[in-house]
Amino acid sequence: MTQESSLLNAAAHLAVRSLNKVYLDPTGGAQVVAVKDADFSVAKGEFVSLVGPSGCGKSTVLNMIAGLETPTSGDILVHGDPLPDRRGHFGYMFQKDLLLPWRRIVANVALGLEVKGTPNREARDRALALLTRFGLGEFANNYASQLSGGMRQRVALMRTLIVDTDCLLLDEPFGALDAMTRMTMQEWLLGIWESEKRSVVFITHDIEEAIFLSDRVLTMSARPGRITGEFVIGLPRPRTREMYTNTEFIALKKRILEEIYSGIEVTQADMT
């Protein structure tokens, strides 16, 4: 590693270096190379999105960063240091809200604190304060089945936020929502991010969503997933809905789509 790259790693909140993931077939069949030589950094307080075709390894990258999967090779550095056990160093939110149906909303939000050993009363008081802060205090004693999809995702994000980590990994958290609810959630997430400035790695299939939310957008190739492009999003903040139709936004979308699809060969077999 050069002195220059060492300095970059030290300055980054999160650095992924030459990351590879190969899945071996236990029956002796062909191995699957899911991620190959992934390399990127996230600065403190930066919002970075990963976009790419389905099956390109985006979620695998997030799972390796979070410590849920072990890389075949490569390095993951946090504040310049390798962490063999990264579990608990990141807030992780999946596409599905994964709320526990038998727990009330306040108890769902408090769950992460309880797992970390916070006394139940303190955990639930903190959860109620967070729910109230973000406009869901009146639903604290409801169950997940009594909430809309957008409200459930807000609760799931609060459960991620309440655990005091300075980097969030968000895996298509709004992917299952309708377009109008999704836009509302994007604005809500940006409001939180702008007030707290946590570092974020965000996965999405929606190019417009990535542009609207991010400081930078990274593109990945089809499997094996590689980082193929980096796009700095120079749109001013705070972001507004009107930006979706301005010329800079549309030009960025075109460039990102061209980068993603330049490496994809569509064959008849792919379409059947």
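## Exercises: a cavity, an arginine and a helix

The lining of the largest cavity has 6 nonpolar residues, no polar ones and 2 charged ones. Here Ala, Val, Leu, Ile, Met, Phe, Trp, Tyr, Cys and Pro are nonpolar, Asp, Glu, Lys and Arg are charged, and the rest, Gly included, are polar.

Before you dig in: this is a predicted model, where local features need pLDDT of at least 70 and side-chain atom pairs pLDDT 80 or more, while totals for chains, interfaces and linings use all residues. Residues count from 1 along each chain as its sequence is written, and side-chain values use heavy atoms, without hydrogens or water.

**Exercise 1.** Find which residues line the largest cavity, and which helix gives the largest share.

*Solution.* 
- Start with the count: there is 1 cavity of 30 Å³ or more.
- Now list the lining: L161, L168, L189, I192, W193, E196, R198 and V200.
- Helix α6, residues 179-196, supplies the largest share, 4 residues. (Helices are DSSP runs of H or I, at least four residues; strands are E runs of at least two, both numbered from the N terminus.)

**Exercise 2.** Work out where R198 sits and what its side chain reaches.

*Solution.* 
- Next, check its cover. R198 counts as buried because its relative accessible area is 12%; buried means under 20%, with a 1.4 Å probe and protein chains only.
- Then look at its side chain, which comes to 2.8 Å from the backbone oxygen of L161.
- A polar atom of that R198 side chain is also 2.9 Å from the backbone oxygen of T165.
- Finally, skip neighbours within four places in sequence: R198 then contacts (heavy atoms within 4.5 Å) G45, E46, L161, V163, T165, D166, L168 and W193.

**Exercise 3.** Is helix α2 mostly covered or mostly uncovered?

*Solution.* 
- Take α2 as residues 58-66; 8 of its 9 residues are buried, so the helix is mostly covered.
- Name them: K58, T60, V61, L62, N63, M64, I65 and A66.

Methods: On a 1 Å grid over the protein atoms alone, a cavity is a set of points where a 1.4 Å probe fits but cannot get out, and a pocket is an open set with protein on both sides within 12 Å along at least five of seven lines; lining residues have an atom within 4 Å of a point. Grid points are joined across faces, edges and corners, and a volume is the space filled by probe spheres set on the points. Buried means under 20% relative accessible area, exposed over 50%, partly exposed in between (1.4 Å probe, protein chains only). A polar contact is a pair of N or O atoms within 3.5 Å; within protein, one must be able to donate a hydrogen and the other to accept it, and residues adjacent in sequence count only if both atoms are side-chain atoms.
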